[in-house]
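Hi everyone, thanks for making time today. I'd like to walk you through one model, so let me put it up on the screen.

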Amino acid sequence: MKLKRALFLLGFCTGTFIVKAQQPAVANDPLGIASTHDFGRIQQGRPVTYSFPLTNNGKDTLRIENVAASCGCTTPQWSRDPILPGGKSLLTVGYNAAAEGVFEKSITLYYNGGKTRTVYIKGEVTKATPSVPANNSVQLLKQINQ
């Protein structure tokens, strides 16, 4: 009976630790930003962009020092101006959609002297559809004339 209690307690503590470790933001973190944007299905060869709203939820000025994307297919743009307490800004992320298939890319923000936050873009790139539909009536005429 004691062994069952000990195993239950160990499992409960481990589960609580895992849940706590997966929380994306620290309560005192001044940077307010969504963690993910899903583009859904996009056509191959058509670049897309999304602007993540940034909010300074702290009492001090927020400085975005650098932003790094996980690959060259993702391009971040942001203002180098400090964000005052309660102020807002944008992080605009572009994705070139050259490769077909499902994607998930990370963008890491470096701010306030060593803090980091990672956000993600994801979606599915589908094969480009021709701008003009195929004319099947020509094939039908060829079959009739044979």
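Predicted model: local features only at pLDDT ≥ 70, side-chain atom pairs only at ≥ 80, totals over all residues.

The mean pLDDT of the protein chain is 82, and 70% of the residues reach 70 or more.

Now to the strands. Four of them make an open sheet, and its order is E1-E3-E6-E5, with antiparallel pairing. Which strands stand at the edges? Those are E1, residues 31-32, and E5, residues 74-78; each has a single partner strand, so one side of each is left without a neighbour in the sheet. Elsewhere in this sheet, E3 (residues 48-56) and E6 (residues 88-95) run antiparallel and are joined by eight bridges. If you want a pair to look at on your own screen, take Phe52, whose bridge partner in E6 is Leu91.

Next, let's turn to E8, residues 115-126. Strand E2, residues 36-43, runs parallel to E8, with six bridges between them. Here Ile42 stands opposite Val125 of E8. Strand E7, residues 101-111, also pairs with E8, but in the antiparallel sense, over 11 bridges. E7 and E8 form a hairpin, with three residues between them.

That turn brings me to the backbone angles. Asn112, in the loop between E7 and E8, has a positive phi of about 45 degrees, although it is not a glycine. Ala97 is not a glycine either, and its phi is positive too, at about 55 degrees. You'll find Ala97 in the loop between E6 and E7.

Are these two residues buried or exposed? Ala97 has a relative accessible area of 0%, so it is buried. Asn112 comes out at 26% relative accessibility, so it counts as partly exposed.

That's my tour, and I'm happy to go back to any part of it.

How values were computed
Residues numbered from 1 in each chain as written. Heavy atoms only, no water. Pairing = 2+ DSSP bridges. Helix = DSSP H or I, 4+ residues; strand = E, 2+ residues; numbered from the N terminus. pLDDT = per-residue confidence, 0-100. Buried < 20%, exposed > 50% of the residue type's maximum accessible area, 1.4 Å probe, protein only.
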